[in-house]
Amino acid sequence: MIVVFNLEKLRIVRNISLVLTFVVLIPTMALAQEEEEISFPLDNFYVERQNNALRGFLTKLTLGVSLGYGRTFFKHKLESFNVYQDSVFGPKIFPTSGSPQYQSWINKLELDTAANIPGSYLVSSDSSELGFKGRGLNIPIKLTLHYEFKRYRVGVGYSYEFMRLGEFNPTSFQNDIRSFRPPDPNGFMSKYFVVLGGSFYRWDKVLFVADANIGGFKPGKNFTNSAIKKGIYANIGVSAEYQFSEYLTAFVRPSFEFKNYTMNFPEVDRKIKHNMNALYVNVGLAYKLPKLPKCYHPDCHAQINHAHGNKEYRSRMHGIFKKQNPHYGENYPKLIKEKRKNKKKINPY
């Protein structure tokens with residue numbers, strides 16, 4: 001009887017073990033089967049991103065082109081020079097030694113060989129602070145190329161601008177010394193510079209960026225460049241950038257510029273420092289290469305970044321003037337009822 005009881009007990013334990021084994025293994029097998037079924041279609045929709053180092057670098061470069069309007073403010077002091085003015089011609093300057101006389105000293109260095117006319121007006125810089133100030137008109141065309149990392153940017157640029165010299169007026173003795181216009185007032189100026197800046201604030205779709213352009217400049221042929229010693233100039237501005245799409249941006253950039261040059265007078269071993277600070281407003285467009293190539297399939301209407309085969313493409317619906325989120329499309333960011341032409345309609349649909 002004892003042996004029979006033990007055998008019966010072993011059968012019960014074995015049956016319980018088999019039941020527990022099935023309870024544990026069945027969910028595990030089902031989960032493995034489910035993963036095996038899902039893995040195949042996921043491989044068709046999600047491809048492994050192929051990192052192209054060259055394209056990744058190029059997508060961080062931004063090319064900008066702009067057209068602007070500016071005003072240059074000229075000002076200089078006549079130290080160790082006197083002013084001579086006759087009843088016929090405009091003012092001329094000459095050193096304290098008495099000769100020679102210069103009829104142009106702003107942009108060109110020109111001697112005056114005419115004889116003095118009786119009854120002329122003469123004022124010495126030893127007894128007063130002499131000088132002249134004037135304005136110039138500037139129309140620049142500007143190209144920049146900068147590299148962006150995080151919110152900072154660094155790059156290079158070139159500007160070619162038309163400049164017209166205006167009328168110059170005396171800073172003292174305004175009732176006695178007449179104003180004058182420099183000879184050959186129209187010309188062009190070249191600038192080459194580095195770009196340093198970074199974004200600091202965003203308001204809705206507008207990004208504000210502060211930057212500085214630092215470099216050199218070269219006046220045109222209407223300046224006597226052989227007699228001019230130029231300094232480094234700095235242009236500081238703030239841009240408001242509106243992003244049309246992933247790779248096209250419109251911007252407006254007001255700025256102020258500090259620059260000067262020194263006119264040397266080799267005949268008398270003298271020099272005059274000319275300040276020519278300027279105020280500019282530039283309007284332009286900036287373009288950068290998209291991160292992904294455009295989808296090649298003409299009938300593909302996907303609005304997000306997507307795959308064909310083992311390659312990833314951006315949407316064909318993502319136009320150059322159309323902003324879209326590459327992750328979920330955003331083909332029509334505004335509802336029909338929110339569009340301007342439908343705002344006053346009771347039923348815009």
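Student: Is Cys295 buried or exposed?

Tutor: This is a predicted model, and one reads burial from the relative accessible area, with buried meaning under 20%. Cys295 has a relative accessibility of 2%, so it counts as buried.

Student: How many disulfides does a search of the whole structure find?

Tutor: The search finds zero disulfides. A disulfide requires two cysteine sulfur atoms within 2.5 Å. Cys295 is in no disulfide, and the nearest cysteine sulfur, that of Cys300, is 3.8 Å away. Cys300 is likewise in no disulfide, its nearest cysteine sulfur being that of Cys295. With a relative accessible area of 11%, Cys300 is buried.

Student: What share of the chain is buried, and how many helices and strands are there?

Tutor: Buried residues make up 36% of the 349 residues in the chain. The chain has two helices and 17 strands. As for contacts with a separation of 6 or more, 64% of them are between residues 24 or more positions apart.

Student: Which residues have the most contacts inside the largest nonpolar core?

Tutor: A nonpolar core is made of buried residues joined through side-chain atoms. The largest one here has 29 residues, and those with the most contacts inside it are Leu78, Ile93, Trp105, Phe132, Tyr261 and Phe265. Two or more residues come from each of strand E2 (81-85), strand E8 (152-170), strand E9 (186-203), strand E14 (260-265) and strand E15 (270-288).

Student: Which residues is Tyr261 in contact with, leaving aside its neighbours within four places in sequence?

Tutor: Its contacts include Phe74, Ile106, Phe217, Phe223 and Ile228. Also among them are Lys229, Lys230, Ile272, Lys273, His274 and Met276.

Student: How many aromatic pairs does a search of the whole structure find?

Tutor: The search finds 20 aromatic pairs. One of these pairs is formed by Phe162 and Phe188, with 5.7 Å centre to centre and 70 degrees between the planes. Planes over 60 degrees apart count as edge-to-face, and this pair is edge-to-face. Phe162 lies in strand E8 and Phe188 in strand E9, so the pair ties together parts that are 26 residues apart in sequence. Phe162 is partly exposed at 21% relative accessibility, and Phe188 is partly exposed with a relative accessible area of 42%.

Student: Why is the pair of Phe168 and Phe180 stacked?

Tutor: The ring planes of Phe168 and Phe180 are at 20 degrees and the ring centres are 5.8 Å apart, so the pair is stacked. Because Phe168 lies in strand E8 and Phe180 in the loop between E8 and E9, the pair ties together parts that are 12 residues apart in sequence. Phe168 and Phe180 are both buried. They belong to one aromatic cluster, together with Phe74, Trp105 and Phe132.

Student: Where does the charged end of Lys191 sit?

Tutor: For a charge over a ring, one looks at the distance to the ring centre and the angle to the ring normal. The charged end of Lys191 sits over the ring of Tyr233, 5.4 Å from the centre of that ring.

Student: In what sense do E9 and E10 pair?

Tutor: Strand pairing is read from the bridges between two strands. E9 and E10 pair in the antiparallel sense over 14 bridges. The bridge partner of Tyr192 is Gly216 in E10. The hairpin of E9 and E10 has two residues between the strands, and in this hairpin Asp204 takes a positive phi near 55 degrees.

Student: How many bridges join E10 to strand E12?

Tutor: There are 10 bridges between E10 and strand E12 (residues 233-243), and the two strands run antiparallel. Phe208 stands opposite Ala240 in E12. Strand E10 (residues 206-219) is mostly covered, as 10 of its 14 residues are buried.

Student: Which value does phi take in Ser80, and where is Ser80 found?

Tutor: Phi of Ser80 is near 70 degrees, a positive value in a residue other than glycine. Ser80 is found in the loop between strand E1 (61-77) and E2. With a relative accessible area of 34%, Ser80 is partly exposed.

Student: What is the phi of Phe173, and where is that residue found?

Tutor: Phe173 has a positive phi of about 55 degrees, although it is not a glycine. Phe173 is found in the loop between E8 and E9, and its relative accessible area of 30% makes it partly exposed.

Notes. Residues are numbered from 1 along each chain as its sequence is written. This is a predicted model: local features need pLDDT of at least 70, side-chain atom pairs count only at pLDDT 80 or more; totals for chains, interfaces and linings use all residues. Side-chain values use heavy atoms; hydrogens and water are left out. A nonpolar core is a set of buried Ala, Val, Leu, Ile, Met, Phe, Trp, Tyr and Cys residues joined through side-chain atoms within 4.5 Å. Buried means under 20% relative accessible area, exposed over 50%, partly exposed in between (1.4 Å probe, protein chains only). Helices (H or I, at least four residues) and strands (E, at least two) are DSSP runs, numbered from the N terminus. Contact means heavy atoms within 4.5 Å. Rings of Phe, Tyr and Trp (its six-membered ring) pair if their centres lie within 6.5 Å; planes under 30 degrees apart count as stacked, over 60 as edge-to-face and the rest as tilted. A charge sits over a ring if NZ of Lys or CZ of Arg is within 6 Å of the ring centre and within 35 degrees of the ring normal.
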